[in-house]
Amino acid sequence: MEEFYKVIIAGLDNAGKTSILTALDKKYDFDKEIVSLRPTIRVEYHATEFLRNKIVFWDLGGQEKYRKLYQEKQEIYFANTDLMVYIIDIQDTKRLEMALAYLDMILQNFRKNKMDVPLIISFHKYDPEFRENEGMIKQVEDLKEIILKKYPSFKILFQQTSIFDIISIVQLISYGLSIFDDKFFALSELLETYLKEFNCTSLIVFDKNAIIISEYYNEFIEPDIYIELIESIKNHLFLLKRMLEESYEADYNFSNVGKNLLSYLHRVKIASISSQSETSLFISVIIKETLKDEFLEKFTDFLNEIKTLLRPLLS
Ligand SMILES: Nc1nc2c(ncn2[C@@H]2O[C@H](COP(=O)(O)OP(=O)(O)OP(=O)(O)O)[C@@H](O)[C@H]2O)c(=O)[nH]1
Ligand SMILES: [Mg+2]
């Protein structure tokens with residue numbers, strides 16, 4: 001079942017494409033600033049793996065000369081695209097029109113070649129300080145409306161990202177990659193069921209590269225718990241890397257976070273049906289401390305269901 005996928009990351013120069021891919025790589029080192037990047041020369045390739053599938057990201061340098069080149073040699077750059085992630089720098093208000101024009105050039109190409117490429121459009125540099133900014137919120141809504149109206153036949157998912165919010169970057173790539181298999185829908189339903197069963201705040205399944213395979217959150221998270229939640233998910237990203245190291249003995253870790261919350265990370269090893277190999281996945285749970293015992297009683301059932309569901313994907 002091993003396959004190769006081509007994911008194009010496009011957008012104007014300085015939009016933040018290379019930063020996004022770099023942030024994804026360095027997600028464990030939150031304290032480190034993204035090193036100052038140089039503009040991408042033509043295309044940089046960046047390979048990763050997602051549930052046994054090889055993914056190659058084509059980071060298309062966005063300077064004008066390269067945009068022209070892609071337009072002239074469309075068959076080289078856009079052929080066989082499985083997914084396109086289009087990055088719009090939401091702070092670069094003067095060039096929004098230009099960003100839409102470049103998007104149009106690429107979508108016309110997909111159309112002309114009858115390519116049914118799913119799109120993720122991210123409004124990037126949506127830094128934490130803009131979250132409540134009315135003008136910014138309106139601008140994003142307007143852009144979504146324009147794009148949806150103009151391209152009714154494309155499957156488009158919108159995201160808001162910032163390199164100062166690492167979870168938003170992890171989510172951007174995760175949503176993109178989950179379109180490659182319908183099993184993700186069943187998994188999402190399973191998480192919803194168990195989120196209620198455990199009565200927990202969040203339930204997330206990560207792969208070994210910390211790409212989210214599926215996630216579910218309680219709808220009634222209070223704002224101050226939300227901050228604790230995001231912090232503990234960040235800790236889980238760090239911890240799962242350590243759990244992959246040979247020196248780390250245990251397959252699970254409990255830690256207390258503020259507001260009487262417990263943060264739990266559990267490593268699951270799933271053996272494949274056909275070969276000898278096994279794949280590690282990680283389950284992250286944030287739950288009230290008082291519910292711990294009850295949760296642990298039900299957790300084994302959950303693990304078994306996850307294994308049954310995902311084993312075919314990993315074989
Ligand atoms: N404020 C803010 N700045 C960002 C963010 N992401 C990237 N940047 C900055 O934007 C600048 C350009 O980032 P790059 O990742 O090099 O842009 P690019 O899209 O790869 O540009 P080209 O390679 O020329 O196409 C850098 O100075 C980054 O630090 C973000 O989320 N917020
Ligand atoms: Mg770049």
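**Entry 1: strand β7.** I began with strand β7, residues 202-206, and found it mostly covered, with five of its five residues buried. For me, buried means that 20 or more other C-beta atoms, placed from the backbone, lie within 10 Å of the residue's own. Strands here are DSSP runs of E with at least two residues, and helices are runs of H or I with at least four, numbered from the N terminus. This is a predicted model, where local features need pLDDT of at least 70, side-chain atom pairs count only at pLDDT 80 or more, and totals for chains, interfaces and linings use all residues. Residues are numbered from 1 along each chain as its sequence is written, while chains are lettered from A and ligands numbered from 1 in the order in which they are written.

**Entry 2: partners of β7.** I looked up pairing, which takes at least two DSSP bridges between two strands. β7 runs antiparallel to β8 (residues 212-217), joined by five bridges, and I saw Ile204 partnered with Glu215. The two strands form a hairpin with five residues between them, and Ala210 in the turn has a positive phi of about 65°. β7 also pairs with β11 (residues 278-288), again antiparallel over five bridges; there Val205 stands opposite Ile283.

**Entry 3: the two domains.** From the domain assignment, automatic or from a database, I noted domain 1 (4-178) and domain 2 (183-314). I then found 16 residues of domain 1 in contact with 14 of domain 2, contact being C-beta atoms, placed from the backbone, within 7 Å. On the side of domain 1 that touches domain 2, β2 (43-50) and α6 each give two or more residues, and α6 gives the most, with eight.

Technical notes:
A residue is buried if 20 or more other C-beta atoms lie within 10 Å of its own, exposed if 12 or fewer, and partly exposed in between; C-beta atoms are placed from the backbone. Two residues are in contact if their C-beta atoms, placed from the backbone, lie within 7 Å.
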